[in-house]
Amino acid sequence: MTPDPTSGGPAGDRPISRKNLLKAALAATTVPLLAGGGVALARDTGSSGVPLAPTPDCDDGDGPTHDQMEGPYFKPNSPLRTSLVTASTPGVRLTVSGYVFGRGCRPIPGVLLDFWQADANGAYDMSGYAFRGHQFTDQSGAFTLTTVVAGLYPGRTRHIHVKAQAPGSGILTTQLYFPGEPRNNTDTLYDPALLMNVRSVGAGKEGTFDFVLDVAQDPTDPTDPPTDPTDPPPGPGGTWAAGAAYNAGDRVTYGGVAYRCLQAHTALTGWEPPNVPALWERG
């Protein structure tokens with residue numbers, strides 16, 4: 001049985017959290033998180049393989065995801081993309097999927113996720129944007145990243161860097177780790193709470209990780225996500241409008257400030273120009 005790094009015991013001994021119950025419900029109405037298997041892995045089910053009853057509240061290990069240092073290799077203005085590889089990119093293919101939740105264990109749409117990592121040889125691209133990219137969670141709070149298994153370099157175990165920002169909220173900077181890596185025992189930054197679930201699929205690997213951001217929510221109210229695309233924009237308006245399609249170079253005003261669009265997108269509430277510097281440049 002697969003060990004659960006957050007509990008110290010078998011994964012089947014850990015009760016399913018409200019977050020995982022919601023995740024399973026989301027998967028039942030959308031595309032399964034893992035090809036051929038839905039979202040439930042060993043940590044999400046009892047020994048019988050059947051999801052257990054939800055805990056009575058959300059204080060069940062679903063606290064906010066631990067933060068970690070940014071490190072020396074971050075670069076702003078990464079490309080908007082969900083795949084960091086092409087057909088000729090060397091390395092073991094890796095797909096990382098998951099959801100982003102708030103403190104009420106409700107999924108958050110429109111979360112900015114900015115990923116960066118070393119290539120298969122352990123090198124970071126500081127002259128361009130190889131193995132760097134950002135994306136936004138969909139309306140179910142889900143994300144998928146296609147990349148390769150990060151290589152090793154002196155002093156560190158394998159890891160993927162990520163920044164996560166809910167609309168109108170602060171930024172979580174953290175790192176994701178791979179299970180079973182020998183260097184996990186010697187890397188001083190390694191945090192077992194940030195382990196991905198990873199399994200081999202053919203010649204590649206599939207991983208899952210769910211982020212929990214420090215965003216207030218009412219866990220009993222299904223209509224209380226932190227953002228709703230039908231809500232009016234908060235604060236002073238301008239020519240920017242939720243639901244509008246913008247192209248790179250378009251200009252808008254918001255809150256009395258002018259902004260230039262950096263990447264084509266369709267605006268959602270919560271993506272106001274001050275909140276998403278990856279999409280809007282002031283001036």
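Student: How many bridges join strand 1 to strand 9, and in which sense, parallel or antiparallel, do the two run?

Tutor: Strands of a sheet pair through backbone hydrogen bonds, either parallel or antiparallel. In this predicted model, strand 1 and strand 9 (residues 211-212) run parallel and are joined by two bridges, and within that pairing F101 stands opposite V212 of strand 9.

Student: In which sense does strand 1 pair with strand 8, and in which sense with strand 4?

Tutor: With strand 8 (residues 204-208) the pairing is parallel and extends over four bridges, one point of reference being L94, whose bridge partner in strand 8 is K205.

Student: How many residues of strand 1 are buried?

Tutor: Seven of the nine residues of strand 1 are buried, and the strand is accordingly described as mostly covered.

Student: Where do the two partners of the salt bridge between D214 and R103 lie, and what does the pair tie together?

Tutor: Side chains of opposite charge can pair when their charged atoms come close. A search of the whole structure finds six salt bridges, and one of them brings the side chains of D214 and R103 together at 2.5 Å, N to O. Because D214 lies in the loop between strand 9 and strand 10 (245-246) while R103 lies in the loop between strand 1 and strand 2, the pair ties together parts that are 111 residues apart in sequence. D214 counts as exposed, since its relative accessibility is 54%, whereas R103, with a relative accessible area of 40%, is partly exposed.

Student: Are R156 and D187 buried or exposed?

Tutor: Both R156 and D187 are buried, and their side chains meet in a salt bridge of 2.6 Å, N to O. This pair links distant parts of the chain, with R156 in the loop between strand 4 and strand 5 and D187 in the loop between strand 6 and strand 7 (197-201), 31 residues apart. A salt bridge between R158 and E181, at 3.1 Å from N to O, likewise links the loop between strand 4 and strand 5, which holds R158, to the loop between strand 6 and strand 7, which holds E181, 23 residues apart. E181 counts as buried because its relative accessibility is 17%.

Student: In what order do the three strands of the open sheet lie, and which are the edge strands?

Tutor: The order is 11-12-14, with antiparallel pairing, and the edge strands, each pairing on one side only, are strand 11 (251-254) and strand 14 (280-282). From one strand to the next the twist averages 40°. Strand 12 (residues 257-261) pairs with strand 14 over three bridges, and R260 has E281 of strand 14 as its bridge partner.

Notes:
Residues are numbered from 1 along each chain as its sequence is written. This is a predicted model: local features need pLDDT of at least 70, side-chain atom pairs count only at pLDDT 80 or more; totals for chains, interfaces and linings use all residues. Side-chain values use heavy atoms; hydrogens and water are left out. Two strands pair if DSSP finds at least two bridges between them. Axes are lines fitted to C-alpha atoms, for helices over the stretch in contact, and angles run from 0 to 180 degrees between N-to-C directions. Buried means under 20% relative accessible area, exposed over 50%, partly exposed in between (1.4 Å probe, protein chains only). A salt bridge is a side-chain nitrogen of Lys or Arg within 4 Å of a carboxyl oxygen of Asp or Glu.
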